[in-house]
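I opened the model and kept notes as I went through it. The entries below follow the order in which I looked things up.

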Amino acid sequence: MEHYSQIRQLIDAVRARWRALCALQAVVRGSLVAALAIGAAIVASRWTTGAPALLMVLAGAALAVAAASLAVCLWPLRRAPKDARIARFIEERAPSLDDRLVTAVDVAERKSAPPAFADAMLADTARRTSAIDVDTIVSARALRRAALEAAAAAIVLGIVLFAARGPAREAADAASLTLFPARTILDVKPGNARIKTGSPLTIEARLVGNRAPVIAQLQIADGDRWRASDMASENATFRAAMPSVAAGFRYRVVAGMVTSPTYEVTVAYPPRVARIDVDYTYPEGLRLEPRTEADSGDIYAPAGTDVRLHVFTDRPAAEGRLALGQGAAIPLSADTPTELTASLKVTDDNSYRVALADREGMANGGDTEYFIRILEDRPPDVRILKPASDRSVTRLEEVDVEAQAEDDYGIDRLDLVYSVRGAAEKAIPLAIPRGSATVSGRHTLFLEDLNVQPGDFISYYVRARDLTRGTRPNEARSDIFFLEVKPYEQEFALAQSQGGMPGGGQNGIDDLVNAQKEIVVATWKLDRRARSTKGARSEQDTHSVARAEAELKTRVEQTSSTFRESTMRDPRRRQPQRGRGGQPPPTPPTPELKAGQTLPEEDQMTAAAEAMGRCRRRWRRSIVCSKRRRT
């Protein structure tokens, strides 16, 4: 048996190379299958947003497939092949051995006594195997190629594993969020907050230490229910932006299976200017008596006049200041919690805003810009004394209008100007003592003679023209007011619609009408001030009115779109009643609309929205022209 050691050397050498080749090939197969499974899971994970449980299952399946593929490929290598198998492998690649090697191994491994010719056979086999090169059985070239393939497969698997680190982290976080939601903290900012009315608000939320692909929802309390909206996600942070908050609300954030505590946003109203009274003390050389102009704000006085401002606020203010247009500031002193005063001397044309703040730091930078103008010939000061507010009237009512005007040189003319349903204005001269510095006039409007109907509006104001000393006369106008014609009896049944802002909202026709009236009044005041200041306009105030008109146009379009779903009984559809005690005739049923038809209210609201759009374009042109004049 001494010749078998030489045979065994060949078998061991082939066995080592064969096992190395098989191991490398197993690594290639296992790595590629594992990379394919993990890569498919990475691609599929893109569609698991909002489903952390699905991502967890997908990651587990990919991991199981990858581990199984490696195990299946590498498991057979745990045991070395026996000599007989290696001998058969060698015989297949060296046919010249004619089964001598297999027979020699069989003889050598017998436990019984070897046959008599065994030594001769082993010697012959040893002689023949000594001529066989191991490289012809398992070439070194094949081993190098297999090693390169294994290295490439391992690199591919490494790249896939590197790419999977993010989804793997998300999968682990998804498992933690799904199985142990109580351990995950949802951080919400700003939490409880107190903000200024109309301010924007951004709510942010994030899962602390968790990047699970969940969809976060902002839920806002609406009575006993919660209105939900999806939050935008960026870099594991969820955001919901509100451009303007007009009312307080309660909210919470839900991310996957985690719900934050309930927070409350409180809307605070900073102090605002209710009115400004101006005390004038003129230079001695002018020989003019001191006087007080109530509810004004704009300052018109000769150079050198001392002015004391009394600023009255709608709620207590802790501090305030006058921000002059040229950059200087004058502090306000508090006489009472709702009255602040400041003094200044008129030296040149300027402007100012009133900045206020309460004790909690809620500040108002000043919405209105007031003008300071050196007065050479002051325009008349005209106001309506009665009725000095909007009011509702019947079409048979008689309205007494009383007005007063003042001027430094005297009043030449005082007119009552009114318009019905936006038609051409009509002027009624009021009887006054011409040339007096202070005049009063009155007139009675007989609405029955104006042929008005319920739902109509009558706008009215008073204008005055002064006497001059060789210069062009000045004309001034009072505030504009409205008379809304109402029937003797009216009933409205308006279907309420929920708004999209926090806390819900109701946009009724009356709200839209009142908003438009406020815009008309604001426009009127801007135009009146521009006339009295020789064309000077506040660009910021002009932008504010234009923005308000644009927002109202959007509300009108939204209301128009809901008319078909609303139920409304409008008293203006009724026939006029002949007496106060009479019963109203039955309202004719509204005909069912066909496809393509619209309600009259829809047509009217559409026309109103178009008119508001034209008005907004005029405002823009006015702003552009104002900028060009300045340049």
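This is a predicted model: local features need pLDDT of at least 70, side-chain atom pairs count only at pLDDT 80 or more; totals for chains, interfaces and linings use all residues.

**Entry 1: H2 against H8**

I applied the term to helix H2 (residues 52-74) and helix H8 (residues 165-179). H2 passes H8 in a left-handed crossing. Which residues make the contact? From H2 I listed Pro 52, Ala 53, Leu 55, Met 56 and Ala 59. From H8 I listed Pro 167, Glu 170, Ala 171, Ala 174, Ala 175, Thr 178 and Leu 179. Sorted by class, the residues of this contact come out as ten nonpolar, one polar and one charged.

I then looked up the geometry of the pair. The axes of H2 and H8 are 8 Å apart, and the packing angle is about 125 degrees. Angles over 145 degrees count as roughly antiparallel and 65 to 115 as roughly perpendicular, with oblique for what is left once those under 35 are also set aside as roughly parallel. H2 and H8 are therefore oblique to each other.

**Entry 2: H7 against H8**

H8 also packs with helix H7 (residues 140-163), at an angle of about 50 degrees and with the axes 4 Å apart. That angle makes H7 oblique to H8. I found Leu 161, Phe 162 and Ala 163 on the H7 side of the contact, and Arg 165, Gly 166 and Pro 167 on the H8 side. By class I recorded four nonpolar, one polar and one charged residues for the contact of H7 with H8. Pro 167 is listed in the contact of H8 with H7, and Pro 167 is also listed in the contact of H8 with H2.

**Entry 3: H3 against H4**

Next I took helix H3 (residues 83-93) and helix H4 (residues 100-109). Their axes come within 8 Å and cross at roughly 165 degrees. H3 and H4 are therefore roughly antiparallel to each other. Is their crossing left-handed or right-handed? I recorded the crossing of H3 and H4 as right-handed.

On the H3 side the contact has Asp 83, Ala 84, Ala 87, Arg 88, Ile 90 and Glu 91. These meet Arg 100, Leu 101, Val 102, Val 105 and Glu 109 in H4. The class count for the contact of H3 with H4 is six nonpolar, no polar and five charged.

**Entry 4: Gln 6**

Gln 6 has a relative accessibility of 36% and so counts as partly exposed. Leaving out residues up to four places away in sequence, Gln 6 touches Ala 126 and Ser 130.

E15 runs antiparallel to strand E19 (residues 350-357), joined to E19 by six bridges. How many residues lie between E15 and E16 in their hairpin? I found four, and Gly 327 in the turn has a positive phi of about 105 degrees.

**Entry 5: an open sheet**

I traced a sheet of three strands, open and antiparallel, in the order E22-E24-E27. Its edge strands are E22 (381-386) and E27 (438-446), each pairing on one side only. Neighbouring strands here are turned by 25 degrees against each other on average, direction ignored. E22 pairs with strand E24 (residues 398-406) over five bridges. One of the facing pairs is Lys 386 and Glu 402, the latter in E24.

**Entry 6: whole chain**

Last, I took the totals. The protein chain has eleven helices and 30 strands. Of its 631 residues, 39% count as buried. Among contacts with a separation of 6 or more, 70% join residues 24 or more positions apart.

Terms used
Residues are numbered from 1 along each chain as its sequence is written. Side-chain values use heavy atoms; hydrogens and water are left out. Two strands pair if DSSP finds at least two bridges between them. Helices (H or I, at least four residues) and strands (E, at least two) are DSSP runs, numbered from the N terminus. Axes are lines fitted to C-alpha atoms, for helices over the stretch in contact, and angles run from 0 to 180 degrees between N-to-C directions. A crossing is left-handed if the near helix is turned anticlockwise from the far one by less than a right angle, and right-handed if clockwise. Contact means heavy atoms within 4.5 Å. Ala, Val, Leu, Ile, Met, Phe, Trp, Tyr, Cys and Pro count as nonpolar, Asp, Glu, Lys and Arg as charged, and the others, Gly among them, as polar. Buried means under 20% relative accessible area, exposed over 50%, partly exposed in between (1.4 Å probe, protein chains only).
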